[in-house]
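Here is my notebook from an afternoon with one protein model. I jotted down each thing as I looked it up, and you are welcome to follow along.

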Amino acid sequence: MSAPSSLPPAQGENPAPENEGLAVDTGLKPAGPTPSSSRFQVDLVAEAAGAADKTLASGDKDAPAPEGSEPAAGGEEAKGRFRVVNFVDPSGASPPEAVPAEGFQNGDTVMSEGSLHSSTGGQHHYHYDTHTNTYYLRTFGHNTIDAVPNIDFYRQTAAPLGDKLIRPTLSELHDELDKEPFEDGFANGDELTPAEEAAAKEASEPKGAVKFGWIKGVLVRCMLNIWGVMLFIRMSWIVGQAGIVLSCVIVLMATVVTTITGLSTSAIATNGFVRGGGAYYLISRSLGPEFGGSIGLIFAFANAVAVAMYVVGFAETVVELLSVDCIMTDEINDIRIVGTITVILLLGISVAGMEWEAKAQIFLLVVLITAIFNYFIGSFIPLQSKESQGFFGYDSGIMMENMGPDFRGTESFFSVFAIFFPAATGILAGANISGDLSDPQLAIPRGTLLAILITGIVYLGVAISTGSCIVRDATGNDNDTRSTQIMANCTDAACKFGYDFSSCKSDDGLYNCRYGLQNDFQVMSIVSGFGPIITAGIFSATLSSALASLVSAPKVFQALCKDNIYPGLEMFAKGYGKNNEPLRGYILTFCIALAFILIAQLNIIAPIISNFFLASYALINFSVFHASLANSPGWRPSFKYYNMWVSLAGAVLCCVVMFVINWWAALMTNVIVMGLYIYVSYKKPDVNWGSSTQALTYHQALTHSLHLSSVEDHIKNFRPQCLVMTGYPNSRPALLHLVHAFTKNVGLMICGHVRTGSRRPNFKELSNDQTRYQRWLMKNETKAFYTPVFAEDIREGTQYLLQAAGLGRLRPNTLVIGFKNDWKDGDMMNVETYIQMIHDAFDYQYGAVVLRLKEGLDVSHISEQDDLLSSQEKTSGMKDVVVSIDMKDSDGDSSKPSSKATSVQNSPAIQKGQDSPHTHVPTHPLTPAHSHKSPQTLNVADQRLLDASQLFKRKQGKGTVDVWWLFDDGGLTLLIPYLLTNKKKWNDCKIRVFIGGKINRIDHDRRAMATLLSKFRIDFSDINVLGDINTKPKKENVTAFEEMIEPYRLKEDDMEQDTAEALKASEPWRITDNELELYRAKTNRQIRLNELLKEHSSTANLIVMSMPLARKGAVSSALYMSWLETLSKDLPPLLLVRGNHQSVLTFYS
């Protein structure tokens, strides 16, 4: 606990000169910072500057610089650099006597941007040292700790590109010098522990990790993934089915989808630093953990199964080549054997490290490009031996014949498109290893978009080329030449080359030839200059795609597990080696891939994988649209070539393509995504990534709040919006639970807290408390806002809240306070303040509600209450919360901040007469482990109080809510119990209504009230008309009342008038004889009502009663308090309610 600011300065500490604002310290200090030591004490640098001048004069310009520092390059060059001035050394070490000349510029030690070291030997500071050093700047020509902009101030804790510095806090720059600048312990409240600091420093040091540029890291991977096996064994068939024109349309459609997604990916990737995790990282940081967690899991799974797809494609090709004379068992088992061997080899390459994997990718790309060039070269070399198989070289006749579609069997444009589109996927191959890129913001946009362009051009070139030089059907028989007899009947493009392939079509319309675009998947091998190179290209395409997927899946899965979205998967977050390789993820991916390889039948699972990829693309596009729609200031991508509406169109296109490819797989994908989304939403992971969902929520809330303010209130839409004076929210649980019961999902609830005290207000602590207790409310599922204020006294603070709490129409209309049980024991001026709060509420046109429990409300002095903070909250930089025990404070004063749960640094007792900052009260943590009292040592009163505090949290059994609606206040007295009994915990309770009436009109009054309630559509079980309210109360109760008020009477008749007036002025709460006589009838009514309450409602679960009013200035606080005390004593939980006399109920539609 920091010492109060009023303590005298330590020995050797001199006052700060006004012109400098810095104190000079000439003495030694004990080890470690003392409570009174200030960071604003610096060693004089004048002697050092003088020493430097002497050194320069002597010509000694070659003195070595201290270790870890850099020499200044000159006066102008040194301007703007960081400089370090020695502060008071807590270890007591004296400053070095000799400093090299180059180390000084105008009396300061010059430090370069790349060499920020302490003055004690070159130790690199990871964070802003809040006790020994402050970075000074000479930019403005004088010493100042006000730092100029620096990128290191904006880094996260574990910044991989550099160290994080902490800029001087506002308190350091703004607070008065006699105020301890580090009352909170640290400069910004989030100081790292030594273990955390070491971990962060380890994470920030690359230690030789392999990082890729945009070509090797993104361009090569995307091209290899997009150029799949489709390029060689399906593209020609697509041209045969759809024709050249529609084939180009198919390629362009797929390219449009991938290009839009590429633009969206580029926009997200350039909106801040990108870590590892690829699609998962981009989506989760944009749309939040719900969508990110859903897509991350299925995207990682899709990549794992894609490994099996590509490996099986490779194995099928190998088995087909070996099927002539090398069958091992049968075709299926051969595929399994070859596939297993292949995936083991690929796993070995991946585990060997990213550098080996990158080298393998480069080799495969060279093979693939060679195969593509081999095809195009071969297409210009027509050979006589290939003509019977349908290849005649480029010819306009063949091109025109293949221009239109020729769909056969069940094929259609969309079915052919569905077959081709998976070939266009793979654009995220580079983004998936974003953590291994040297500059993801540059590499992802450049590499991805260039890969889409190059591969799109190649696909179009192959479509046009194959359609221009190969006929759709060919027999492969050299004898099928054209005869002169049927020359006139031959119309095919092959006819002019002397071939007649009309025999390919049988009389029943079926085709039975083996060659041509429509029939031979390996036709590109025939066209190529050297056929085996095409086979090598097929191997390269399949293996490279498999390798890329085998690397992508563990990387994405590792990032997902690091974020702990799904409990139980943390083991896969661990990385190994200098590149933080997810070896466990590799093994898991290998097992999944092997399982699907052993199935060897992927015709069903393949469309699901394509749909998984498309779902990722759709959400990436939607992320850009969503972020742009939210209009968040944090959405500032450096890549400008995107449009929110184009991104939305891309998202819609992706969804359409999903259903075009396979409608049932699309439905299954959506169900899985929504299921995972619901699960993550339910689990509510404790992460805050500044997602566009948060930004849009704010935008919508602001828009709706403004829209709401433009509409006048209507009676039908009235909601009780309560300002509840709870103090700290956990100090009066019963008050919190009861109000929450009837405001949850109905109206606004604000937990007001007035902080008072003699010391200077600590507004930073107030802000921290606001965050801390708001989290406590959320953790306890209480839909309320915590609003603390500093004020001179409780009434002033309440006035602040009554005037300023809320926003627009979302502001309170009802003040809720607890009954002041201890009013007779304390200072009566507190009673004056308490009653004036009620008067203020009515002045501001608020309704007023007072809750009384006979056991009391305030449990802050009991250590066994619920912990304020969860362990998770305590680890997020917050200090332990303690309760200051004030023995003089009662348990029922809801208007006093008697729950003094504050931070360790700021917890003075707020106690009557306790103004000295040197006086302390016993404190203990809220946690039971450090309690001074165990639960068994609670006295009976405290145990009852603790039990009563949970009364309204429990399910209420069958019983009644008795409504004593004695005065018409607009209907609030009736509305609150109606809302209460609609809640699940209270729905077993019936409403009984009690009203006043005349004895001779009881039936009439009952029927009139029943009619009114039925018009209000409020169910009730009984209506009781009380005809004996005005009966005189029992004499013993009147006597007890008079005894109670005796100490508070003025008794002006027994003293001089001047004396009486002076006493009344100094103690305005006193009851005058005239006042007592004037309100005798009203006093008797309160006594009589208490007798009736005990008679009729002693077993009720809750009593809701019209609160008696006292005219301001006419009824003293002591008399009004006595009325409330008499009316409500010795009863079940009682709610005194008085609306603002504006109608809150209506029977009109």
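**Ground rules.** Helices are DSSP runs of H or I with at least four residues, strands are runs of E with at least two, and both are numbered from the N terminus. I am working with a predicted model, where local features need pLDDT of at least 70, side-chain atom pairs count only at pLDDT 80 or more, and totals for chains, interfaces and linings use all residues. Residues are numbered from 1 along each chain as its sequence is written, and side-chain values use heavy atoms, with hydrogens and water left out.

**Entry 1: M644.** I started with M644, which lies in helix α19. Is M644 buried or exposed? I call a residue buried under 20% relative accessible area, exposed over 50%, and partly exposed in between (1.4 Å probe, protein chains only). M644 has 19% relative accessibility, so it counts as buried. Next I looked up its contacts, where contact means heavy atoms within 4.5 Å. Neighbours within four places in sequence aside, M644 touches F625, S628 and L629. I also checked F622: it is 22 residues from M644 along the chain, and their C-alpha atoms are 8.6 Å apart.

Entry 2: I found N631 in the loop between α18 (605–630) and α19. Its phi is near 55°, a positive value in a residue other than glycine. I noted the background: most residues other than glycine have a negative phi. With 59% relative accessibility, N631 counts as exposed.

**Entry 3: α7 against α19.** Two packed helices are described by the angle between their axes and the distance between the axes. Axes here are lines fitted to C-alpha atoms, for helices over the stretch in contact, and angles run from 0 to 180 degrees between N-to-C directions. I looked up α7 (residues 235–269) and α19 (residues 644–661): they pack at about 135°, with axes 9 Å apart. Angles under 35 degrees count as roughly parallel, over 145 as roughly antiparallel, 65 to 115 as roughly perpendicular, and the rest as oblique. The two helices are therefore oblique to each other. The crossing of α7 over α19 is left-handed; that is the name if the near helix is turned anticlockwise from the far one by less than a right angle, and clockwise makes it right-handed.

Which residues of α7 meet α19? They are V256, V257, I260, T261 and S264, and they face V646, S647, G650, L653, C654 and V657.

**Entry 4: α5 against α14.** The axes of α5 (residues 214–226) and α14 come within 8 Å and cross at roughly 35°. Here the crossing is right-handed. On the α5 side I listed W214, V218, L219, C222, M223 and I226, while the α14 side includes A443, I444, L450 and Y459. By class, I noted 12 nonpolar, 3 polar and 1 charged residues.

**Entry 5: S468.** I stayed with α14 (residues 440–469), where S468 is found. S468 is at 5% relative accessibility, so it counts as buried. Beyond four places in sequence, S468 is in contact with I244, G393, Y394, D395, I398 and M399.

**Entry 6: α30.** In α30 (residues 1035–1045), I found V1038, F1041, M1044 and I1045 buried. They cover an arc of only 120° around the axis, which puts them on the same side of α30; the arc is that of the directions from the helix axis to the C-beta atoms. The face turned away from that buried side carries the exposed residues K1035, E1036 and E1043. What covers the buried residues? The cover includes α32 (1073–1078), α33 (1080–1096) and α34 (1117–1128).

**Entry 7: G959.** I located G959 in strand β15 (residues 959–964). G959 and C989 are 30 residues apart in sequence, yet 4.8 Å apart in space, C-alpha to C-alpha.

**Entry 8: the whole protein.** To finish, I noted 34 helices and 19 strands. Of the 1149 residues, 51% are buried.

Note on methods:
Ala, Val, Leu, Ile, Met, Phe, Trp, Tyr, Cys and Pro count as nonpolar, Asp, Glu, Lys and Arg as charged, and the others, Gly among them, as polar.
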